[in-house]
Amino acid sequence: MIDFMSGSEHDLTVPAGPEYRSFRPLTLRPGNQVGEFQLVREIGRGGFGEVWVVNQTTPQRQLAMKFIDTRHFEKIPTDWILREAQTLTKLDHPGIAKVITAGTHSVDGQDVPWVCMELIEEARTFDDGLPSGQSGVKCCIKLIEALTHAHERGVLHLDLKPSNI
């Protein structure tokens, strides 16, 4: 991952300000089928894309599916995103959602990569404040433990901010 991302030609940042290109949301709708998954409802949207609750048919369960909007990241090849998803399957930590599978789905004639992961019910982000009864120190220790687990397996979080924790 680090080798791929060295050099300015692999800058993954989305510029802020007037040069930032704004795109309309992906045309995903509840009920759309993505392979064996059916979209239920959107639960998040950000610079990287959209996150949906999906129903898996076999085994029957609800998961989260993140669609990576590559219109913002034209320099990143889809196969690299799918390889990263494979790398993320190595992570097994209570503070990190488990990656189940990944693939692509055609949206408006464009192959959009997606990553399917465990759904964390009633998930909150640090933007929502600390969980009830939790101290900031305790939450930071849990965060550092999860990041350490990922780093020890060669995974770096490139968009670490309160809304992603």
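Author: Buried means under 20% relative accessible area, exposed over 50%, and partly exposed in between, with a 1.4 Å probe and protein chains only. The model is predicted, local features need pLDDT of at least 70, side-chain atom pairs count only at pLDDT 80 or more, and totals for chains, interfaces and linings use all residues. Residues are numbered from 1 along each chain as its sequence is written, and side-chain values use heavy atoms, with hydrogens and water left out.

Reader: Does Cys-139 count as buried or exposed, and why?

Author: The relative accessibility of Cys-139 is 6%. Because buried means under 20%, this residue counts as buried.

Reader: What is the mean pLDDT of the protein?

Author: The pLDDT is the predictor's confidence in each residue, from 0 to 100. Of the protein's residues, 85% reach 70 or more, and the mean pLDDT is 80.

Reader: Over how many bridges do β2 and strand β3 pair?

Author: Strands are DSSP runs (E, at least two residues), numbered from the N terminus, and two of them pair if DSSP finds at least two bridges between them. A hairpin through 2 residues joins β2 to β3, and Gln-38 stands opposite Asn-55 in β3. With strand β3 covering residues 49–56, the two pair in the antiparallel sense, and the number of bridges is 8.

Notes. Helix = DSSP H or I, 4+ residues; strand = E, 2+ residues; numbered from the N terminus.
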